[in-house]
Amino acid sequence: MDFRAELLDQTRSFGELIASSDPETPVPTCPEWTLKQLFRHVGRGNRWAAQIISERRVSTLDPREVHEGKPPDDPDAAIEWLNAGAALVLKAVDQVGTDTRVWTFLGPKPGGWWIRRRVHEAAVHHADAALAVGTAFELPADLAADAVSEWLEISTGMANKRHAEPLALGSSIHLHATDDGLGPTGEWTVEHDEDGLGWSHSHGKGTVALRGPARDLLLAVTRRRSAAELGLEVFGDTTTWDAWLERTPF
């Protein structure tokens, strides 16, 4: 998958939806935010990541210190600002090298890690905007499936920083995408065993299992819509799924 192209495309489509909508529209999936604030969050987030990469930072960057972190008031200029921010991420990676390690919230990672992260950030917030204005949210199945994988990497990687385990010892969650052509990348198993919390693309029943399109699994796992609202098939212990969602906010 060409994450570089996807970053530009996902950022552009997100911006187009915001530009065609009332900026004061509330965003229910991001409580207390409006579309204007969501737009600024995504745009500044790309510039934040680009600055972390370009400065080869080994610690986080205060969002208030992001260069040109506020969009212009003019709507057309704001869209240019948004799209330029995505391009800055790619430029920063090219300047320092894909493999140069920099700060991330999961520990030091190659700078190129941020490209994929920002792709999925834009995609999920595009979903937020679409849900806010009542329009359809479409995402290619392979991109949605990769977003699920990336979200599980984040959720399991950050679990040690939380007070409550998101998954009880001995329990598991299985997700199964019904889209054609995904193969093993369309299945995920999250387990908590004696080695700790982890995930894989393995097939299994799970303490609880969810089945449906990859896009809908993404919306469910990121808590944008409930399994019931999405019409996902759910098998097994639903309390395990509910506990996972409650303990894996981001």
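Predicted model: local features only at pLDDT ≥ 70, side-chain atom pairs only at ≥ 80, totals over all residues.
Residues are numbered from 1 along each chain as its sequence is written, and side-chain values use heavy atoms, with hydrogens and water left out.

**Exercise 1. Work out how helix α2 packs against α3 and α4.**

Two packed helices are described by the angle between their axes and the distance between the axes. Helices (H or I, at least four residues) and strands (E, at least two) are DSSP runs, numbered from the N terminus. Axes are lines fitted to C-alpha atoms, for helices over the stretch in contact, and angles run from 0 to 180 degrees between N-to-C directions.

Step 1: take α2 (residues 35-54) and α3 (residues 75-96). Their axes are 8 Å apart, at an angle of about 20 degrees. That makes α2 roughly parallel to α3; the cut-offs are under 35 degrees for roughly parallel, over 145 for roughly antiparallel, 65 to 115 for roughly perpendicular, and oblique for the rest.

Step 2: check the hand. α2 and α3 make a left-handed crossing (the near helix is turned anticlockwise from the far one by less than a right angle; clockwise would be right-handed).

Step 3: sort the residues of this contact. There are 15 nonpolar, five polar and three charged (Ala, Val, Leu, Ile, Met, Phe, Trp, Tyr, Cys and Pro count as nonpolar, Asp, Glu, Lys and Arg as charged, and the others, Gly among them, as polar).

Step 4: move on to α4 (residues 113-133). The axes of α2 and α4 come within 10 Å and cross at roughly 180 degrees, so α2 and α4 are roughly antiparallel to each other. The α2 side of the contact includes Leu35, Trp48 and Ile53, while the α4 side includes Trp114, His125 and Val133. By class, the contact of α2 with α4 has 11 nonpolar, four polar and three charged residues.

**Exercise 2. Describe the meeting of α5 and α6.**

Step 1: α5 covers residues 141-157 and α6 residues 214-221; their axes come within 8 Å and cross at roughly 30 degrees. The pair is therefore roughly parallel.

Step 2: the crossing of α5 and α6 is left-handed. Among the residues that make the contact are Ala141, Trp151 and Leu152 of α5, with Arg215, Leu218 and Val221 of α6 (contact means heavy atoms within 4.5 Å). Sorted by class, the contact of α5 with α6 has 11 nonpolar, no polar and one charged.

**Exercise 3. Trace the five-stranded sheet.**

Step 1: write down the order. This open sheet runs β7-β6-β5-β8-β9, with mixed pairing (two strands pair if DSSP finds at least two bridges between them). At the edges sit β7 (196-200) and β9 (233-236), each pairing on one side only. On average, neighbouring strands of this sheet are turned by 10 degrees against each other, direction ignored.

Step 2: go through some pairs.
- β6 (residues 187-193) pairs with β7 in the antiparallel sense over five bridges, and the two form a hairpin with two residues between them. Here valine 190 stands opposite tryptophan 199.
- β5 and β6 run antiparallel and are joined by five bridges; histidine 174 has threonine 189 in β6 as its bridge partner.
- β5 (residues 172-177) pairs with β8 (residues 208-212) in the parallel sense over five bridges, and histidine 176 stands opposite arginine 211 in β8.

Step 3: Five of the seven residues of β6 are buried, so β6 is largely enclosed by the rest of the structure (buried means under 20% relative accessible area, exposed over 50%, partly exposed in between, with a 1.4 Å probe and protein chains only).
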